[in-house]
Amino acid sequence: MPQHVEFSISDPHQARARGRSQDPAESSLDRWGATVDGAAEPCLVIDADVVVVAMSASFEEMLGLGGSPLNRPLLDGNGVLQLLDFGDGNALEQTEVTRMPALLALTSGRLARGLVRIKCADAPCTFDAIATPLKDDGKVVGSLTFFSLIQ
């Protein structure tokens, strides 16, 4: 049975109106990064420079990372993720990389969803990824992405 992932992010003004206080010095990246650090689901937060701010332990384990992903580029040569082509299994071409939901959410400022194939610890894995831009004062400062493994 296909899995369906759905979530929404409330307007920060609504949170304050309901009595929750937020530290004005704490950024959206900080708040979501702390949430992702403790999440059981495979997810990550990147900043506007496409550097990993936070990654859930379950996602780190799936990827088989030898070291901490924090403060490392998400992609590039020394990046945390290695995106693979669905056709031949080789590294994904740069023109296709920009369509990855986490990056698309950054550049478009909108919700993005798509399938991604990533080199994982044991074998290539296919994920349904959904990403949302993270904003501070109306400016996109990063993105939050959830990954659902397709088996």
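A residue counts as buried under 20% relative accessible area, as exposed over 50%, and as partly exposed in between. By that scale V50, with a relative accessible area of 22%, is partly exposed. The legends below describe close-up views of a predicted model.

**Figure 1. Overall arrangement of the protein chain.** The secondary structure of the chain consists of 5 helices and 5 strands. Along the sequence these elements follow the pattern α-α-β-β-α-α-α-β-β-β. The chain has 151 residues, of which 37% count as buried.

**Figure 2. Helix α2 and its buried side.** Helix α2 spans residues 28–37, and its buried residues are S28, L29, G33 and V36. These residues lie on the same side of α2, because they cover an arc of only 120° around the axis. The cover over them includes the strands β1 (43–47), β2 (52–55), β4 (124–136) and β5 (139–150).

Figure 3. V36 belongs to helix α2. Its relative accessibility is 2%, so V36 counts as buried, the cut-off being under 20%. Leaving aside residues up to four places away in sequence, V36 touches C43, L44, V45, A54, M55, S56 and L144. A57 stands 21 residues from V36 along the chain, and the C-alpha atoms of the two are separated by 8.9 Å.

Figure 4. A search of the whole structure finds 3 aromatic pairs. In one of them, the ring centres of F59 and F127 are 5.7 Å apart and the planes meet at 85°, so the arrangement is edge-to-face. F59 lies in helix α3 (residues 57–63) and F127 in strand β4, so this pair ties together parts of the chain that are 68 residues apart in sequence. F59 is buried, with a relative accessible area of 0%, and F127 likewise counts as buried at 0% relative accessibility. F127 also pairs with F147, again edge-to-face, with 5.7 Å from centre to centre and 80° between the planes. This second pair links distant parts of the chain, since F127 is in strand β4 and F147 in strand β5, 20 residues apart. F147 has 4% relative accessibility and counts as buried. Together, F59, F127 and F147 form one aromatic cluster.

**Figure 5. Helix α5 and the elements that cover it.** Helix α5 runs over residues 101–108, and P101, A102, L103, A105 and L106 in this helix are buried. The elements covering these buried residues include β1, α4 (94–97), β3 (112–119), β4 and β5. Just after α5 comes G109, which takes a positive phi of about 70°.

**Figure 6. The second largest pocket.** This pocket has a volume of about 280 Å³. Its lining is made up of 16 residues, and those nearest its centre are L75, D76, L81, Q94 and V97. Sorted by class, the lining contains 11 nonpolar, 3 polar and 2 charged residues.

Figure 7. Most residues other than glycine have a negative phi, and most peptide bonds are trans. V50, a residue other than glycine, has a positive phi near 65°. V50 is located in the loop between β1 and β2. N71, also not a glycine, has a positive phi of about 65°. The loop that holds N71 runs between α3 and α4. With a relative accessible area of 69%, N71 is exposed, whereas V50 is partly exposed at 22%.

Figure 8. E26 lies in the loop between α1 (12–17) and α2. The relative accessible area of E26 is 32%, which means that E26 is partly exposed. Although E26 and D136 are 110 residues apart along the chain, their C-alpha atoms are separated by 9.9 Å.

Terms used:
Residues are numbered from 1 along each chain as its sequence is written. This is a predicted model: local features need pLDDT of at least 70, side-chain atom pairs count only at pLDDT 80 or more; totals for chains, interfaces and linings use all residues. Side-chain values use heavy atoms; hydrogens and water are left out. Buried means under 20% relative accessible area, exposed over 50%, partly exposed in between (1.4 Å probe, protein chains only). Helices (H or I, at least four residues) and strands (E, at least two) are DSSP runs, numbered from the N terminus. The arc is that of the directions from the helix axis to the C-beta atoms. Contact means heavy atoms within 4.5 Å. On a 1 Å grid over the protein atoms alone, a cavity is a set of points where a 1.4 Å probe fits but cannot get out, and a pocket is an open set with protein on both sides within 12 Å along at least five of seven lines; lining residues have an atom within 4 Å of a point. Grid points are joined across faces, edges and corners, and a volume is the space filled by probe spheres set on the points. Ala, Val, Leu, Ile, Met, Phe, Trp, Tyr, Cys and Pro count as nonpolar, Asp, Glu, Lys and Arg as charged, and the others, Gly among them, as polar. Rings of Phe, Tyr and Trp (its six-membered ring) pair if their centres lie within 6.5 Å; planes under 30 degrees apart count as stacked, over 60 as edge-to-face and the rest as tilted.
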